[in-house]
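Here is a short walk through one protein chain. Keep the coordinates open as you read.

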Amino acid sequence: MSEPTDLRDPPGASRRRKPGAKPKGRVTMTDIARAAGCSQATVSFVLNNSPGIRLSQQTRDRVIEAARALGYSPPVFSALRPPVTPFEGLDGVIGFAVDQLATSPEAVVAIEGARQASWNAGNVLLVAQTMGDAVMEPRAISALTRRGISALIYMTIFTREITAPDFLYSLDIPVILLNCYTADYAFPAVVPSEIAGGQSATRHLIGHGHRRIATITGEPWMQAAQDRLKGYRRALATADIPFDPELVVEGDWSASAGYAATVKLLGLKERPTAIFCQNDRTAIGCYEALKEAGLHIPQDISVVGYDDEEIARHLFPPLTTSILPHLAMGQWAIEQLEAPPTPGRGRYPITKLECPLVERESVATVRSPT
């Protein structure tokens, strides 16, 4: 998650200060926080090299650069970088194999999370796209191992249970599964907590007084769609709201499906007061259908998305949505490799990371009947 931003000027500070200009008098942590675009607490953690605080190296570097630019001298900046102390089982090169890179941003985000954590520990990440091909995938993994990788992260673009290929079991290096898992729990695995994410999104609408809540799903064969729908139904059940299958419309994650599904929902005798779109692209189509019908978001109908793609914050109004934790999943995978192995452990639990809700302006309290 990004660091909170402190945009307030300290008492007496000039509001005409040019960007990058040095403040008059003693430089304070508030000055540095404003220049670095982070909170004063973050500046304090960095400048005091506080132990036990997990900040990205980019944030640390940004604070240090801002402090230097403003003329803040103590402490000695060279001491602020965390020491490079990789777990001795890693020799500096980690392999990352993913079936698809170009179809969606999630793989790139996960790779970036792994890269950040790898570089913080002085390790290099080598990435290979395999397309899940039965012939080329083992060749790609073999190419990585010949380059001396000391561990492998194996990712699938769709969250699902997999039958791990035999060559994964035969590797003599640690293997971490990202966005997938096996029935035998043979490898540490991390996936998004999709049921909880769907429940949180729906509960947010319920908390604003909505009881007639529709949802536009993804393709039903996909585990993410199944789990987000389970979360939706659990939230309704917890709030004693009867499940109405008429309010569930199947989509395929696309904007066009979101548009068509929304038109169908608006045609109901009693239309919904809120729509949970199970990804942001679906929400784009939903927005278009609602505006075409002359309805205003969120005054007439509230909308929630899922995934927190870049477009979500630029819609009008900005879209309330849930973050897919692929950045954190990539970081988690590296952290498992940096920890010493547990002797005699042959089964690993599936770790599920939270999909935090980002509240924006697309949700309002439901209007009372007049």
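Two strands count as paired if DSSP finds at least two bridges between them. With that in mind, turn to this model, which is predicted. Strand β6, residues 213-216, pairs with β7 in the parallel sense over two bridges.

Now widen the view. The open sheet has four strands, and their order is β7-β6-β8-β9. Their pairing is parallel. β7 (248-249) and β9 (302-304) stand at the edges. Each has a single partner strand, so one side of each lacks a neighbour in the sheet. Helix α7, residues 194-207, packs on this sheet. The helix touches β6, β8 (274-277) and β9. Its direction makes about 165 degrees with that of β8.

Next, the nonpolar interior. In soluble globular proteins, nonpolar side chains tend to be buried together. Here the largest nonpolar core holds 35 residues, and I275 and V303 touch the most other members. Elements that give two or more residues to this core are α7, β6, α8 (223-238), α9 (255-266), β8, α10 (280-292) and β9. Beyond four places away in sequence, the contacts of V303 include I275, C277, A283, L290 and L319. T320 and S362 are also among the residues that V303 touches. A second, separate core has 22 residues, including I94, A110, I153 and M329.

Finally, look at helix α1, residues 29-36. Its buried residues are T30, D31, I32, A33 and A36. Just after α1 comes G37, with a positive phi of about 70 degrees.

Note on methods. Residues are numbered from 1 along each chain as its sequence is written. This is a predicted model: local features need pLDDT of at least 70, side-chain atom pairs count only at pLDDT 80 or more; totals for chains, interfaces and linings use all residues. Side-chain values use heavy atoms; hydrogens and water are left out. Contact means heavy atoms within 4.5 Å. Axes are lines fitted to C-alpha atoms, for helices over the stretch in contact, and angles run from 0 to 180 degrees between N-to-C directions. Buried means under 20% relative accessible area, exposed over 50%, partly exposed in between (1.4 Å probe, protein chains only). A nonpolar core is a set of buried Ala, Val, Leu, Ile, Met, Phe, Trp, Tyr and Cys residues joined through side-chain atoms within 4.5 Å.
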